[in-house]
Amino acid sequence: MTSESAGAEGVAGSAGEGSGRGDAVGWAVVEEGEPEFAGWVRKRFGAYRHHVLATLRKDGAPRLTGLEADFRHGELWLGMMVGSRKALDLRRDPRFSLHANPGPDAGLADGDVRVSGRAVEVTDPGVVARYAAEVKPPEPFHLFRAELTEVVRTYVEDPYVVLVRWAPARPLRTIRRTSDDAAPRVE
């Protein structure tokens, strides 16, 4: 199965074209459009197994929980235990942010990375079975595919804090600033 078909099959409530929900795309679009940037993002997520997922509770308050994220077949996959609060949050409101584990200290040599978008639950038994065969998660589980609206990398390049932001159908944008800057420098 190609990455294109893997993302389209068995997905409940896809937020793609024609959904009226705005631009959101699969991970393959980031990799194709900005391969160097996508490489940095994958490297940061690959440095640690567990990351921090932000979802929205029923009352609208944020919920932060741990999560293992997986880049596979041109997609960013989010797997979680059946009935977990984060899965129930995403079923009710698919918006999320996923922050890469910052690591054991304040060094952040490779920067800080966050992805945001909508999590779309995968319901196709074949896609779920293929994922389970490859990843071997505890079963049963919920599987979501990330449709991204924003990817941000933040790092220090003395004397600047640098933010590199990707969004669908927009050029990669770099912002450099210091604490003395009245306004950031946008490149």
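Rings of Phe, Tyr and Trp (for Trp, its six-membered ring) are counted as a pair if their centres lie within 6.5 Å; planes under 30 degrees apart are called stacked, those over 60 edge-to-face and the rest tilted. The model shown is predicted, so local features need pLDDT of at least 70 and side-chain atom pairs count only at pLDDT 80 or more, while totals for chains, interfaces and linings use all residues. Residues are numbered from 1 along each chain as its sequence is written, and side-chain values use heavy atoms, with hydrogens and water left out.

**View 1. Aromatic pairs, with W77 and Y131 in the centre.**
Four aromatic pairs are found in a search of the whole structure. One of them joins W77 and Y131, a tilted pair with 5.9 Å from centre to centre and 45° between the planes. W77 lies in strand β3 (residues 75-81) and Y131 in helix α5, so the pair ties together parts that are 54 residues apart in sequence. Helices (H or I, at least four residues) and strands (E, at least two) are DSSP runs, numbered from the N terminus. W77 is buried, at a relative accessible area of 1%, and Y131 is buried too, at 6%. Here buried means under 20% relative accessible area, exposed means over 50%, and partly exposed is in between (1.4 Å probe, protein chains only). Elsewhere, W27, F45 and F71 make up one aromatic cluster.

**View 2. R153 and the rings of W40 and Y155.**
The charged end of R153 sits over the ring of W40, at 3.9 Å from the ring centre. R153 also lies over the face of Y155, where the distance to the ring centre is 4.2 Å. A charge sits over a ring if NZ of Lys or CZ of Arg is within 6 Å of the ring centre and within 35 degrees of the ring normal.

**View 3. The hairpin of β7 and β8.**
Strands β7 (residues 160-166) and β8 (residues 173-177) pair in the antiparallel sense over five bridges. Two strands pair if DSSP finds at least two bridges between them. V161 has R177 in β8 as its bridge partner. Six residues lie between the two strands of the hairpin. A169, in the loop between β7 and β8, has a positive phi of about 60° although it is not a glycine. With a relative accessible area of 81%, A169 is exposed.

**View 4. R176 between β9 and E157.**
Strand β8 also pairs with strand β9 (residues 185-186), in the antiparallel sense and over two bridges. R176 is found in β8 and stands opposite R185 in β9. At 13% relative accessibility, R176 counts as buried. Its side chain makes a polar contact with the side chain of E157, at 2.4 Å. A polar contact is a pair of N or O atoms within 3.5 Å; within protein, one must be able to donate a hydrogen and the other to accept it, and residues adjacent in sequence count only if both atoms are side-chain atoms.

K136 is found in the loop between α5 and β6. Phi of K136 is near 60°, a positive value in a residue other than glycine. K136 is exposed, with a relative accessible area of 63%.
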